[in-house]
Amino acid sequence: MIDSVQVASPGSAAPVIETERKTEGITRLISLDAFRGLVMALMLGELMRLFEVARAFPHSVFWRMIAFNTQHVEWQGCSLHDLIQPAFSFLVGAALPFSIASRKMKRQAFGPMFGHAVRRAVLLVLLGIFLRSLRSAQTYFTFEDTLTQIGLGYVFLFLLGFTRVRTQLVTLALILICFWAAFALYPAPSPQFDYTRVGVPQNWPHLYTGFLSHWNKNSNLSWAFDVWFLNLFPREHPFVFNEGGWSTLSFIPTLGTMIMGLLAGEWLKGKGSKEQKLRGLVVAGATLVLLGLMCQWAGICPIVKRVWTSSYTLYSGGLVVLILAGFYVLIELKGWRRWAFPLLVVGMNSIAVYVMSWTMGAFLGAALDRHFGGAISFIGGATFQPVLHGFLVLLIFWLLLYWMYRRKIFLRI
């Protein structure tokens, strides 16, 4: 998400096509940039409010699938929408081996690279807090945002980028096991626990019993940590709970997701054939998905994104790897690149997209309502007006990004 992925190809004579650029002997790995573009497009897809449109078709299986996959699940499980943040995080890790190789080729020393990594981490955290504070009367200190979660773990990821693959694998395993153990050892809520006090409706159907109750909403380790940690900062009101159950400590397993990306990036940067790399991605992705499901089926750890459980880290990471494999086979193996150009325009300016989504979405939507609201309502009708309205905002975003792409304006942190 942060760095565009590049691979060294000194002296390459390959022609530059619409979806490929060369700068100082560096050629982009198009499949990763295109995948990043898909992730950002899915994020912007919220503007079309498809889950609201689905309510007009309560008996349609198709629209039920659309509704499920365009919003977060309430607690256990994983929709397509729930894969956006892990895909962000994964792609940060996947970009790192290529970024390090590029900097080494330019003979940068470790010190300046480390300093840059620290500055990047701090800026990501600050940018995340800034964007989350836009609708607040004062600075809203929160650390569950995508950018802050990445920033909190980025320096550790950078240091791991200089270690052996074995060290990276061991670190990933320790993160998953220790994070699971921390939740399992933290006292489970008692039968008398008042869930309504922490924003959970009475008789909420997603509450666990028995061992899995260690992962119940707003009564677990992450919630307890935030009740202490977030109240250390100036706040309009004392922090009691997060309405969605999101938490600061999720940055730890998010680092695990980024390490998976790091491993994938190392694999793709390796010397194997494209066919071998594809097989490795498919096997790894399927294995991770199966491991995540087994943890849930065995009653060891539920798949819950909102606290980023270890099983969710495995399951979502595996799905992300399998999607990456699909992009890899189409773009790198088959050489079909032109279809991905609209995604590439978005993926090469991911920071710009993220900031635009927070700062310009409401402005552009209001402008469309003001000048073309009648026409949009007439064409879309009462049911599809939100879809058409959101699509037009998306189109404006894309045209702005295309303008930046043509002028080689790429925002970096």
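**Charges, rings and cores**

Mentor: Start with arginine 36 and aspartate 33: both are buried. Keep in mind that this is a predicted model.

Trainee: What do arginine 36 and aspartate 33 form, and how far apart are the closest N and O atoms?
Mentor: A salt bridge, with the closest N and O atoms 2.4 Å apart. Both residues sit in helix H1, residues 30–44. They are three residues apart, about one turn of the helix.

Trainee: Where do aspartate 145 and arginine 132 lie?
Mentor: Arginine 132 is in helix H5, and aspartate 145 is in the loop between H5 and helix H6 (146–160). So the pair ties together parts that are 13 residues apart in sequence. C-alpha to C-alpha, the two are 7.8 Å apart in space.

Trainee: Is aspartate 145 buried or exposed?
Mentor: Buried, with a relative accessible area of 1%. Arginine 132 counts as partly exposed, because its relative accessibility is 29% and buried means under 20%.

Trainee: What else does arginine 132 touch?
Mentor: Leaving out residues up to four places away in sequence, its contacts are Tyr140, Thr142, Glu144, Asp145 and Trp358.

Trainee: And which residue does arginine 337 bridge to?
Mentor: Glutamate 332, with the closest N and O atoms 3.8 Å apart. Arginine 337 and glutamate 332 are both buried.

Trainee: Switching to rings. How many aromatic pairs does a search of the whole structure find?
Mentor: It finds 31. Take tryptophan 75 and tryptophan 204: their ring centres are 6.1 Å apart and their planes are at 70°, so the pair is edge-to-face.

Trainee: Where in the chain are tryptophan 75 and tryptophan 204?
Mentor: In distant parts, 129 residues apart. Tryptophan 75 is in the loop between helix H3 (61–69) and helix H4 (84–105). Tryptophan 204 is in the loop between helix H7 (165–185) and helix H8 (221–229). Tryptophan 75 is buried at 1% relative accessibility, and tryptophan 204 is buried at 9%.

Trainee: Which residue lies over the face of tryptophan 204?
Mentor: Lysine 217, at 5.0 Å from the ring centre.

Trainee: Which rings link into a cluster?
Mentor: Ring pairs join Phe141, Phe143, Phe225, Trp228, Phe229 and Phe233.

Trainee: Now the nonpolar side. In the largest nonpolar core, which residues touch the most other members?
Mentor: Phe90 and Leu157, in a core of 83 residues. Leucine 157 has contacts with Val92, Gly93, Leu96, Leu255, Met258, Ile259 and Leu262, not counting residues up to four places away in sequence.

Trainee: Which residues does the second, separate core include?
Mentor: Among its 18 residues are Phe193, Trp215, Cys301 and Val307.

Trainee: Last one, glutamine 385. Which helix is glutamine 385 in?
Mentor: Helix H14, residues 361–406.

Trainee: Why does glutamine 385 count as buried?
Mentor: Because its relative accessible area is 17%, and the cut-off for buried is under 20%. Beyond residues up to four places away in sequence, glutamine 385 touches Arg49, Asp369, Ile376, Ser377 and Gly380.

Notes:
Residues are numbered from 1 along each chain as its sequence is written. This is a predicted model: local features need pLDDT of at least 70, side-chain atom pairs count only at pLDDT 80 or more; totals for chains, interfaces and linings use all residues. Side-chain values use heavy atoms; hydrogens and water are left out. A nonpolar core is a set of buried Ala, Val, Leu, Ile, Met, Phe, Trp, Tyr and Cys residues joined through side-chain atoms within 4.5 Å. Buried means under 20% relative accessible area, exposed over 50%, partly exposed in between (1.4 Å probe, protein chains only). Contact means heavy atoms within 4.5 Å. Helices (H or I, at least four residues) and strands (E, at least two) are DSSP runs, numbered from the N terminus. Rings of Phe, Tyr and Trp (its six-membered ring) pair if their centres lie within 6.5 Å; planes under 30 degrees apart count as stacked, over 60 as edge-to-face and the rest as tilted. A charge sits over a ring if NZ of Lys or CZ of Arg is within 6 Å of the ring centre and within 35 degrees of the ring normal. A salt bridge is a side-chain nitrogen of Lys or Arg within 4 Å of a carboxyl oxygen of Asp or Glu.
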